[in-house]
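Hello,

Here is the structure I promised to pass on to you. Have a look at it first, and then read on for what I found in it.

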Amino acid sequence: MVGAMPVNLIPKFFNGAMESHNGDDCESQVFIGSRVKCNEDFGTVKYIGEVQGYKGIWYGVEWDNAERGKHDGFVEDVQYFKTTKPGAGSFVRPNKIAPFTTCAEAIRRYYGDREDETVAAHRRTVINEWKREMGAPFIEMVGFEKIHQKQKFDRLQEVCVHDQNITKAGNVAALCPNVRSLDVSQNLFSNWREVIELSAQLPLKEIDVSKNRMAIDIPEETLEQLSIHFSNLEKINISVCDYEWSDILALSHLWPKINEIIAAYNRITIINPPKVTLNTLTILRLDGNPIDSWCEVINLGLKNLKVLSLNDCCIEEIRFKDTKPDAKASVFENLEVLFLNRNKIKDWRSISELNKLKSLKKLYFLKNPIQNEEDYDTGSQLIIAKIGNLQELNGSYITRELRRGSEYDYMKRYGAEWKKGDEQFHLEHCRFQELIDKYGIPDDSLLVKQNKDTTLTSQLLEINIKDENGKILKKKFPSTMAVQKLLTLAQRLFSKGKIGTPYLYIQDETHSDLLMDNAMKDLAFFSIKNGDTILVKFR
């Protein structure tokens, strides 16, 4: 194929390799930049040699977990190496390092020793039947075991060799040539050469290389030439690899047909739009990255993106600054699913801004500061009312009745403010005029007046509780009180001489009775306001 670069011609920039003292295998080599494991700790070799005052060879290692270290590579007035994080370095003896292996050997060891007992029993039965038919009970079935093992490896399509101290590819093509999905997460790859070698040998559609800290020391032009080895790849997981977005953009030259990238818990803060890559990307997961600005998210561009996950980031507000309140944004035109759980969003305008995403259908929005202001149901109603195209919220389908009720209550809650004609209101409530056009202007008698008094007394609702005999009691309750508590109170106040179970009905000006049919909801769910009358009926 024209333009393809053989894997063995990938430029090598590391030097100074020396054999590990933890084995004689020529593949077990430790060099500056090698990834190593000691007990359960992972690190990168920064120094190989003698240490003043101590005999023999030592490895100077910078540990991924800085708490494992003891110094910065500076010991007794001698600087042996430098760490990127303070106190993350220490020296270890070569024999303390876990022995290395190849991916092929890890697969052989892990999958070669595993066999379903039923399958094994059936195989023994077949062999014994052959021996009986041949009349030679002591004959040895030469090569049968090897043929069986070969057939078993040939059938492998999904392989997981997580945390097996793998540093090199090995001859995986000869062992299991049909693997489509490969998990080599949390191993000891020090750069991308061996991953490229793996992909050159296998027709991979998915690969998980998360929790590997691999240097990117190959020019983008070379990566683009090597992309021929990733021509089938659709999904890659590069989470916890200590990458910035610029690193991912550089690597994206390897993946010409990539559909999904998982790059969670890296160091992504600044985002620059891709120039020529990622045109086929539809799913991007950036959970756990310290992204604090929505402007950086917008920089992604990615016209074909359908799913974007930003859980556990640091986003404080959402704004499409170049888009009018009632217009749709020109970015993320195809985005259908958005995850924003556990961010730092603290204003309801951010939710209104999401209405500018013209294709948004599913939103996951939990445990953000703004949600502390309302109970879950009321907060959910606000989100539903503010985002017109939304079909699911936090995994729950939005019925036509729920949408209508949410929008109507939203209009009653903010209708009085809308009538003031404040320009700031239209920024905070981008969709309100659309709802006015849909339902009409709500009657003044239905509007909830926004009281700026936030004392406990002002937050209590004064409600008339009435029985069928006309007895009326005035009581004050918080809007967050559950209907079940009101039922219990009604039972205590009005049950004398009554038979049956109490039911609560809201009476409006026309004396129509609306059943409060969910005892687990709070009063706010039924839009109870000051002065309302609740009728108690026993049935």
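The axes of α11 (residues 400-418) and α13 (residues 432-439) cross at roughly 115° and come within 10 Å. An axis here is a line fitted to C-alpha atoms, for helices over the stretch in contact, and angles run from 0 to 180 degrees between N-to-C directions. Helices (H or I, at least four residues) and strands (E, at least two) are DSSP runs, numbered from the N terminus.

Before going further, please keep in mind that this is a predicted model, in which local features need pLDDT of at least 70 and side-chain atom pairs count only at pLDDT 80 or more, while totals for chains, interfaces and linings use all residues. Residues are numbered from 1 along each chain as its sequence is written, and side-chain values use heavy atoms, with hydrogens and water left out.

Which residues bring α11 and α13 together? From α11 come Arg404, Glu407, Tyr410, Met411, Tyr414, Gly415 and Trp418, and they meet Phe432, Gln433, Leu435, Ile436, Lys438 and Tyr439 of α13 (contact means heavy atoms within 4.5 Å). By class, this contact has 8 nonpolar, 2 polar and 3 charged residues. Ala, Val, Leu, Ile, Met, Phe, Trp, Tyr, Cys and Pro count as nonpolar, Asp, Glu, Lys and Arg as charged, and the others, Gly among them, as polar.

Helix α11 also packs against α10 (residues 376-386), at an angle of about 95° and with the axes 8 Å apart. That makes α10 roughly perpendicular to α11. Tyr410 and Tyr414 of α11 take part in this contact, as do Leu382 and Ile384 of α10, among others. Its residues divide into 6 nonpolar, 4 polar and 5 charged.

Those two tyrosines are worth a click: both lie in α11, 4 residues apart, about one turn of the helix. The model has 14 aromatic pairs, where rings of Phe, Tyr and Trp (its six-membered ring) pair if their centres lie within 6.5 Å, with planes under 30 degrees apart counted as stacked, over 60 as edge-to-face and the rest as tilted. Tyr410 and Tyr414 form an edge-to-face pair, 5.4 Å centre to centre with 65° between the planes.

Now to the sheets. One is open, with 5 strands in the order β23-β22-β26-β24-β25 and mixed pairing (two strands pair if DSSP finds at least two bridges between them). β23 and β25 (513-515) stand at the edges with a single partner strand each, so one side of each has no neighbour in the sheet.

Within it, β22 (residues 460-467) and β23 (residues 472-478) are antiparallel over 7 bridges, and Ile465 has Leu473 as its bridge partner. The two strands form a hairpin with 4 residues between them, and Gly470 in the turn has a positive phi of about 95°. With β26 (residues 533-538), β22 pairs in the parallel sense over 4 bridges; here Asp467 is partnered by Val536. Helix α14 (residues 483-494) lies across β22, β23, β24 and β26, running at about 110° to β24.

A second open sheet has 11 strands, again with mixed pairing. Its edges are β10 (158-160) and β21 (396-397).

Enjoy exploring!

Terms used
Angles under 35 degrees count as roughly parallel, over 145 as roughly antiparallel, 65 to 115 as roughly perpendicular and the rest as oblique.
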